[in-house]
Amino acid sequence: MNERAKRIMHLSRGDLGDLNLFCAIAKTGGFRKTAAELDLSPSALSHAIRGLEKRLGVRLFNRTNRSVTLTPAGRELLSHVTSGLSEITNGLEASIVFGTDPLDSYV
């Protein structure tokens, strides 16, 4: 297994957040619009995506002054992570039905 594959296999909390940002940008089609929706600065969003691209070793978006489009690698990644992030959201929402404060059990 090569070094890049080893790095990818060790998904961190930051990677999960960056993948969520990646999906949001792909959905809205732009960094500024996504940044406004998430109450982030466009530069913070761009920095997060550049870090994700660097860790993966591929460019995910084609960027111009007027548009943002997915690269082939970005389209491939999106096709895989969208359902996974959706399942995580579903799991979190499903756990809410238990309605207990987790801190109460530690007191």
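**Close-up views of the predicted model**

Ile88 is part of helix α5, which spans residues 72-96; helices (H or I, at least four residues) and strands (E, at least two) are DSSP runs numbered from the N terminus. This is a predicted model, in which local features need pLDDT of at least 70, side-chain atom pairs count only at pLDDT 80 or more, and totals for chains, interfaces and linings use all residues. Residues are numbered from 1 along each chain as its sequence is written, and side-chain values use heavy atoms, with hydrogens and water left out.

**View A. A nonpolar surface patch includes Ile88.** Leu16, Ile88 and Leu92 make up this patch, with about 260 Å² of accessible area together. Patches consist of residues with over 30% relative accessible area and no salt bridge; like charges are joined within 9 Å and nonpolar side chains (Val, Leu, Ile, Met, Phe, Trp, Tyr) within 5 Å. Areas follow the Shrake-Rupley method with a 1.4 Å probe, and for residues only the protein chains shown count as cover. Ile88 is partly exposed, at 40% relative accessibility; buried means under 20% relative accessible area, exposed over 50%, and partly exposed in between (1.4 Å probe, protein chains only).

**View B. The largest nonpolar core has 19 residues.** Those with the most contacts inside this core are Phe22, Ile25, Phe31, Ile49, Leu60, Phe61 and Leu77. At least two core residues come from each of α2 (13-28), α3 (31-38), α4 (42-56), β2 (68-70) and α5. Such a core is a set of buried Ala, Val, Leu, Ile, Met, Phe, Trp, Tyr and Cys residues joined through side-chain atoms within 4.5 Å. Beyond its neighbours within four places in sequence, Phe61 has contacts (heavy atoms within 4.5 Å) with residues including Phe22, Phe31, Ile49, Glu53 and Val68.

**View C. Arg55 forms salt bridges with Asp15 and Asp18.** A salt bridge is a side-chain nitrogen of Lys or Arg within 4 Å of a carboxyl oxygen of Asp or Glu. In the Asp15 pair, the closest N and O atoms are 2.6 Å apart; Asp15 in helix α2 and Arg55 in helix α4 are 40 residues apart. The closest N and O atoms of Arg55 and Asp18 are also 2.6 Å apart. Asp15 is buried at 10% relative accessible area, as is Asp18 at 11%, whereas Arg55 is partly exposed at 33%.

**View D. Arg63 and Glu53 meet in a salt bridge.** Their N to O distance is 3.0 Å. Arg63 lies in strand β1 (residues 61-63) and Glu53 in helix α4, so the pair ties together parts 10 residues apart in sequence. Glu53 is buried at 7% relative accessibility, while Arg63 is partly exposed at 24%.
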